[in-house]
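Which parts make up the whole, and where does the ligand sit among them?

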Amino acid sequence: MPELSADLYGTISHKLDALNPSGIRAFDKEVSKIPGIIKLTVGEPDFNTPEHVKQAAIKSIQDDDSHYAPQAGKPELLAAISDYLSDTRGIKYDPESEIVVTVGATEALDATFFSLLNTGDKVIVPTPAFALYFPLIAMTGATAIQVDTSADNFVLTPEHLEQVLAKEGKGAKAVLLNYPSNPTGREYPEELLKGLAKVIANHHLYAIADEIYSELVYGVDHYSIASMIPERTLLISGLSKSHAMTGYRLGYVAGPAQIMKSILKMHAYLVTTVTDNAQVAATEALTNGAADPIAFRKSYRKRRDLVIDGLTKLGFGMATPQGAFYIFAKIPEFFGKDDEKFARDLANQAKVGVTPGSAFGAGGEGYIRLSYASSEEDLTAALARIAGFVKKLE
Ligand code: PMP
């Protein structure tokens, strides 16, 4: 096809020009071209979707579930999510007015930001953070205030939040928390969440809680800020990570009915509703799938320990990741702080792909993120390659 002429191109919307595509995907694309590379870059479970969930999806196609589902979601799925949240968080969400099923947690975030944020609002984002938050917040006309948590082992403390609000709190609307965290794997203990909940309530803010990794925790319990301040929390989650269902695109947001009304409106305009069959599969996963996340957790934990052990011996530092499937490792001192150079050299010279920490915002400089959702053989081989690379540099 011929290219657009300059005058035609000039007339298209340039609203998105200032938003850069995720640094993670860009870097991943670059390193993927290197022959023989072991990629520890992408945040995706390496398990297949559990068999009983696949069977439910197949049966749903055969049963002709090929119609528009209700916009907020199929009643059986909404009921299953409500029961799941009641069992795991102790909160009773009304399936008819307080939950919307979305296209992955990504759309849940998108619809939540659009429904909550006005132009000029500020969202407090503890960093390093999932890179997608920044363009999504910017698209609403709001601003993300990055709060570097590297000095506190990558958690936002109530005291730190108070300080930030005292300095930059004018126009603040919400605090965005992601625990367990991508990229650091850090979980928020109950007492800390209680402290944050108090500050958030005192300042009349909302909490947006991205709990997509809540089923993947190792040796700690998962608590939700939604259990503490449900009336001002938008709880976001989904089945991508817990049930290895990234491709089904199944997420949800739960919160107070008045806000959910606008989220539903936004969702209806964006996508109408989520794929009918994916919703049937998700209902099966939540209703009969209690054992799946437990098996995943066991396997991830073993691999996490393997990578922590290997990296620590090589002089990398880290705050122990307690959840998700990432390790956020501090590059050995002698190398300096240029994480992008480190990751690029590691990819080119040792054929291991990792993500530079600075892709995740303030506090990520001098770190790399490794995803351990890869086979033990790949992780062992990658560690041997990293060891060779680091020894050569020393
Ligand atoms: N939040 C976080 C913190 C994530 O890491 C991801 C996926 N990498 C998402 C949300 C998006 O999840 P989904 O695939 O369900 O859209």
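Residues are numbered from 1 along each chain as its sequence is written. The model is predicted, so local features need pLDDT of at least 70 and side-chain atom pairs count only at pLDDT 80 or more, while totals for chains, interfaces and linings use all residues.

Start with the domains. Domain 1 spans 6–48 + 292–393, and domain 2 spans 67–288. These bounds come from an automatic or database domain assignment. The centres of the two domains, taken over C-alpha atoms, are separated by 24 Å. Domain 1 brings 33 residues to the contact and domain 2 brings 34 residues. Contact means that two residues have their C-beta atoms, placed from the backbone, within 7 Å.

Look at the side of domain 1 that touches domain 2. Helix 2 (23–32), helix 11 (291–313) and strand 9 (326–330) each supply at least two residues. Helix 11 has the largest share, with seven residues. By class, this side holds 17 nonpolar, 10 polar and six charged residues. Ala, Val, Leu, Ile, Met, Phe, Trp, Tyr, Cys and Pro count as nonpolar; Asp, Glu, Lys and Arg count as charged; the others, Gly among them, count as polar.

The record has its own annotation. An unreviewed UniProt entry places the feature "domain: Aminotransferase class I/classII large" at residues 37–386. UniProt positions are given in the numbering used here, feature names are shortened, and annotations may be inferred rather than shown by experiment. Over residues 37–386, the chain is 41% helix and 16% strand. The end C-alpha atoms of this stretch are 12 Å apart.

Seven strands form an open sheet with mixed pairing, in the order 2-8-7-6-5-3-4. Two strands pair if DSSP finds at least two bridges between them. Strand 2 (99–103) and strand 4 (143–148) are the edges, each pairing on one side only. From one strand to the next, the twist averages 20°. Axes are lines fitted to C-alpha atoms, for helices over the stretch in contact, and angles run from 0 to 180 degrees between N-to-C directions. Strand 3 (residues 122–127) pairs with strand 4 in the parallel sense over six bridges. Thr127 stands opposite Asp148 in strand 4.

Helices pack here too. Helix 9 (residues 257–271) packs on the sheet and touches strand 2, strand 7 (233–238) and strand 8. The direction of helix 9 makes about 25° with that of strand 2. Helix 4 (residues 75–89) lies across strand 2 and strand 8 (250–254), at about 110° to strand 2.

Some loops hold backbone details. The peptide bond from Thr127 to Pro128 is cis, with omega near 0°. Pro128 sits in the loop between strand 3 and helix 6 (133–139). The bond from Tyr179 to Pro180 is cis, with omega near -15°. Pro180 lies in the loop between strand 5 (172–178) and helix 8 (190–202). Asn153, a residue other than glycine, has a positive phi near 55°. Its loop runs between strand 4 and helix 7 (158–168).

Finish at the ligand. The shell around the ligand has 13 residues, the closest being Gly104, Ala105, Thr106, Asn182 and Ser240. A residue is near a molecule or strand if its C-beta atom, placed from the backbone, lies within 6 Å of it. Helix 5 (residues 104–116) gives the most to this shell, with three residues. The shell divides into three nonpolar, nine polar and one charged.

Note on methods:
Helix = DSSP H or I, 4+ residues; strand = E, 2+ residues; numbered from the N terminus.
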